[in-house]
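This report sets out selected geometric features of one structure, with the cut-offs behind each term. Please read it alongside the sequence and the coordinates.

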Amino acid sequence: MLLTVATLFFCSRVRSSKTFKPKKKIPEGNNQFNLMKHASVSLGSSNLRFAVRLPIGENINEWVAFNTVDFFNQITMLYGTVTEFCTEESCSIMSAGPKYEYHWADGLTVNKPIKCSAPKYIDYLMSWVQDQLDDDTLFPARIGDPFPKNFLSIVKTILKRLFRVYAHVYHTHFDSVVRLSEEAHINTSFKHFICFVQEFKLIDEIELAPLQDFIDKLAGYETKI
């Protein structure tokens, strides 16, 4: 998605650490750049259900990879606007309302799920996602390089975990988002995210439960436009 003034504002508020380092820009001329141009044009329409569809003639893995990187960058910047409110003291548990609590495990350095604060969980999560995106064997940087056979399974795990950041922000920090006048940005980003994961069935419905009522309202709105 093309950088806007709002996006640059988000960047200026993001903590300067490995965790919150946006993915490098896509070089002009490769297929990912062409997909970026397509997404920029289609997202200008009012119907996000149309915008997320696989472009004619494109490879589904390329499209999913491009959008996964874009969502990571969006969520990184959006979370960056509330980091001053999301602290060890205020968010001692990574949760999405009173009914949903998340424990961290990555299957590599942390095998047994651990209970941790929201900022610590999100720090682990964003660092883990960044490592996935930077791994050329998972997300090929060159046109023609093969995607792994389990690529969509890898993406499902990434997107499932990124959804938890949205869920935490909506349940715990939305008042702060409103005070910052950023609710339109997070709502548009989340609607785009949900339309995409539903289009390609990338997150199981049970994982969406913390925000299901809101998602149902978004779906109803999309059918009217």
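## Cysteines

Cys116 counts as buried, at 10% relative accessibility, where buried means under 20% relative accessible area, exposed means over 50% and partly exposed lies in between, computed with a 1.4 Å probe on protein chains only. Cys91 is buried too, with a relative accessible area of 3%. The structure holds zero disulfides, a disulfide being a pair of cysteine sulfur atoms within 2.5 Å. For Cys91, the closest cysteine sulfur belongs to Cys86 and lies 3.9 Å away, which is too far for a bond.

## Basis of the values

This is a predicted model, in which local features need pLDDT of at least 70 and side-chain atom pairs count only at pLDDT 80 or more, while totals for chains, interfaces and linings use all residues. Residues are numbered from 1 along each chain as its sequence is written, and side-chain values use heavy atoms, with hydrogens and water left out.

## The nonpolar core

The largest nonpolar core has 61 residues, and those with the most contacts inside it are Leu159, Phe163, Phe190 and Phe193; such a core is a set of buried Ala, Val, Leu, Ile, Met, Phe, Trp, Tyr and Cys residues joined through side-chain atoms within 4.5 Å. Two or more residues of this core come from each of α3 (48–51), α4 (60–80), α5 (118–134), α6 (151–172), α8 (183–199) and α9 (212–224), where helices (H or I, at least four residues) and strands (E, at least two) are DSSP runs numbered from the N terminus. The largest share, twelve residues, is supplied by α6.

Leaving aside residues up to four places away in sequence, Phe163 touches Tyr102, Phe190, Phe193, Ile203, Glu207, Leu208, Pro210, Leu211 and Ile215, contact meaning heavy atoms within 4.5 Å.

The axes of α6 and α8 come within 12 Å and cross at roughly 150°; axes are lines fitted to C-alpha atoms, for helices over the stretch in contact, and angles run from 0 to 180 degrees between N-to-C directions. That angle makes α6 roughly antiparallel to α8, given that angles under 35 degrees count as roughly parallel, over 145 as roughly antiparallel, 65 to 115 as roughly perpendicular and the rest as oblique. The crossing of α6 past α8 is left-handed, a term used if the near helix is turned anticlockwise from the far one by less than a right angle, with right-handed used if clockwise. On the α6 side, Leu159, Phe163, Tyr166, Val169 and Tyr170 meet Ile186, Asn187, Ser189, Phe190, Phe193 and Val197 of α8.

For α5 and α6, the axes come within 11 Å and cross at roughly 150°, and the two helices are therefore roughly antiparallel to each other. α5 passes α6 in a left-handed crossing. Residues making this contact include Tyr121, Leu125, Trp128 and Val129 of α5, and Ile158, Arg161, Leu162 and Val165 of α6.

## Loop residues

Most residues other than glycine have a negative phi. Ser181, in the loop between α7 (174–179) and α8, has a positive phi near 60° and is exposed, with a relative accessible area of 55%. Lys201, in the loop between α8 and α9, has a positive phi near 50° and counts as exposed at 65% relative accessibility.

Ala209 is found in the loop between α8 and α9 and is partly exposed, with a relative accessible area of 29%. The C-alpha atoms of Ala209 and Tyr100 are separated by 9.0 Å, although these residues are 109 residues apart along the chain.
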